[in-house]
Amino acid sequence: MGNNHSAKARDFYVRAYELAERYHTEGAETDLDEAIKLYRANLALLSRESRVRAHTLNALGTCLSTRFKSQGALLDLDEAISHHREALEHCLPGHPLRLLSLDNLGLCLSARFRSQGALTDLNEAAALHQEVVELLSPRHPDRFASLNNLGLCLLTRFKVQGALADLDRAIALRREALERCPRGHPLKFLALNNLGNCLLTQFKARGKLADLEEGISLHQRALELCPEGHPLRSSALNSLGVSLATRFKSQGVSADLDSAVARHQEALELLPAGHPDRSTSLNRLGACLEARFESQGTLADLEESVALHHAALELCPPGTSKWDRAARTLAKSLEDRFKWLGSMSDIEEA
């Protein structure tokens with residue numbers, strides 16, 4: 001490549017990097033769009049054998065996956081996967097960018113699995129994250145993230161296929177992640193919450209009350225790390241609410257259900273209109289109120305439950321699996337209200 005050609009490619013890369021960084025601080029979509037154009041221009045000037053090609057492929061793939069998260073265009077995610085796959089091909093074992101390339105491709109494949117449900121994507125993501133874990137020393141600063149990434153893949157695969165070996169491995173990985181977070185560690189909340197979620201899943205799979213009790217304890221500790229004003233308080237409240245509601249279903253203690261309702265109510269209050277988790281929070285509170293109506297018979301709980309499920313459905317894009325789940329949940333609430341009040345409008349809407 002000639003000097004002018006090299007200088008042009010370098011200028012494209014530097015400007016793209018600057019715009020991508022500015023997008024992360026200021027959030028202007030136009031900066032991200034322009035960064036993608038410039039990375040593509042840079043890539044077009046690099047030969048397949050270029051020593052810096054892997055850098056551009058990873059940077060471009062990361063920008064595209066970021067735009068997918070923001071805008072939801074599957075073509076962006078597919079292109080990101082293509083670039084990360086090529087980057088990995090350039091980064092043979094021992095290459096300084098191999099860990100980054102493995103991680104980037106694994107995360108994008110996991111995202112595509114969540115979007116499209118192809119098990120081949122999830123299996124490949126798990127294999128890639130497994131290699132990352134194997135390559136990182138026990139004290140490597142990135143090991144915590146790699147343990148969580150692999151744990152999430154295995155937990156997800158368990159929920160799809162039901163192989164208890166995947167669940168056992170996910171729990172072991174998340175226990176190790178928690179052990180790597182001493183008191184005061186900035187990721188302690190995440191480690192507690194993730195392990196709590198795994199143990200809740202194990203309770204549902206195996207029925208051991210000790211798993212549920214430990215899960216609740218972990219979720220309570222996670223909430224203690226999120227005082228009022230903490231950005232993750234809503235997430236912590238939701239997790240604890242789910243585990244308390246689960247114990248109510250198992251043990252029938254009304255105090256657990258009342259506490260779950262209170263946690264979900266506070267969680268919902270912390271989520272502004274437009275928040276991506278608001279529909280889930282609405283449905284969880286609605287489900288708890290419906291359960292309390294079935295247990296205690298207070299009609300106001302059932303009425304509020306129906307209203308919450310209505311609101312949740314309105315926030316879900318039609319034609320998506322999320323909309324389908326919300327519609328089924330609302331239909332059940334309407335059928336329950338019909339049984340008690342006999343309003344034909346409820347059964348017709350359901």
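Predicted model: local features only at pLDDT ≥ 70, side-chain atom pairs only at ≥ 80, totals over all residues.

Me: Is threonine 280 buried, partly exposed or exposed?

Reply: The general idea is to compare the relative accessible area with two cut-offs: under 20% is buried, over 50% is exposed, and values in between are partly exposed. Threonine 280 has a relative accessibility of 30%, so this residue counts as partly exposed.

Me: What can be said of serine 281?

Reply: Serine 281 also belongs to helix α13. Its relative accessibility is 1%, and serine 281 therefore counts as buried. When neighbours within four places in sequence are left aside, the residues in contact with serine 281 are Asn238, His264, Ala267, Leu268 and Leu271.

Me: How does one describe the packing of two helices, such as α11 and α13?

Reply: One gives the separation of the axes and the angle between them. For helix α11 (residues 233–251) and helix α13 (residues 278–296), the axes come within 11 Å and cross at roughly 25°. Angles under 35 degrees count as roughly parallel, and α11 is therefore roughly parallel to α13. The crossing in which α11 passes α13 is left-handed.

Me: Which residues make the contact between α11 and α13?

Reply: From α11 come Asn238, Val242, Ala245 and Phe248, while α13 supplies Ser281, Arg284, Cys288 and Ser295.

Me: How is the pair α7 and α9 arranged?

Reply: Helix α7 (residues 143–161) packs with helix α9 (residues 188–206) at an angle of about 20°, and their axes are 12 Å apart. The two helices, α7 and α9, are therefore roughly parallel to each other. As α7 passes α9, the crossing is left-handed. On the α7 side, Phe144, Asn148, Leu155, Phe158 and Lys159 take part; they meet Leu190, Ala191, Asn194, Cys198, Thr201 and Ala205 in α9. The residues of the contact of α7 with α9 are seven nonpolar, three polar and one charged.

Me: What does asparagine 194 touch, and where is this residue placed?

Reply: Asparagine 194 is placed in helix α9. Its relative accessibility is 12%, so asparagine 194 counts as buried. Not counting residues up to four places away in sequence, asparagine 194 touches Asn148 and Arg174. Its side chain also makes a polar contact, at 3.0 Å, with the side chain of asparagine 148.

Me: How should I read the angle for α5 and α6?

Reply: An angle over 145 degrees counts as roughly antiparallel. The axes of helix α5 (residues 98–116) and helix α6 (residues 119–135) come within 8 Å and cross at roughly 155°. The helices α5 and α6 are therefore roughly antiparallel to each other. Their crossing, that of α5 and α6, is left-handed. Among the residues making the contact are Leu99, Leu102 and Phe113 of α5 and Leu122, Leu128 and Val132 of α6. The residues of the contact of α5 with α6 include 12 nonpolar, three polar and six charged.

Me: Where is leucine 223, and what surrounds this residue?

Reply: Leucine 223 is placed in helix α10 (residues 209–224). At 12% relative accessibility, leucine 223 counts as buried. Apart from residues up to four places away in sequence, leucine 223 touches Arg233, Ala236, Leu237, Leu240 and Arg263. Leucine 223 and alanine 9 are 214 residues apart along the chain, with their C-alpha atoms separated by 49 Å.

Me: How many helices and strands does the whole protein have?

Reply: The secondary structure comes to 16 helices and zero strands. The C-alpha trace spans about 80 × 45 × 40 Å along its principal axes. Of the 350 residues of the protein, 46% count as buried. Among contacts between residues at least 6 apart in sequence, 55% join residues at least 24 apart.

Methods
Residues numbered from 1 in each chain as written. Heavy atoms only, no water. Axes fitted to C-alpha atoms, helices over the stretch in contact; angles between N-to-C directions. Helix = DSSP H or I, 4+ residues; strand = E, 2+ residues; numbered from the N terminus. Parallel < 35°, antiparallel > 145°, perpendicular 65-115°, else oblique. Left-handed = near helix turned anticlockwise from the far one by under 90°. Contact = heavy atoms within 4.5 Å. Nonpolar A, V, L, I, M, F, W, Y, C, P; charged D, E, K, R; others polar. Buried < 20%, exposed > 50% of the residue type's maximum accessible area, 1.4 Å probe, protein only. Polar contact = N/O pair within 3.5 Å; in protein donor to acceptor, adjacent residues only side chain to side chain.
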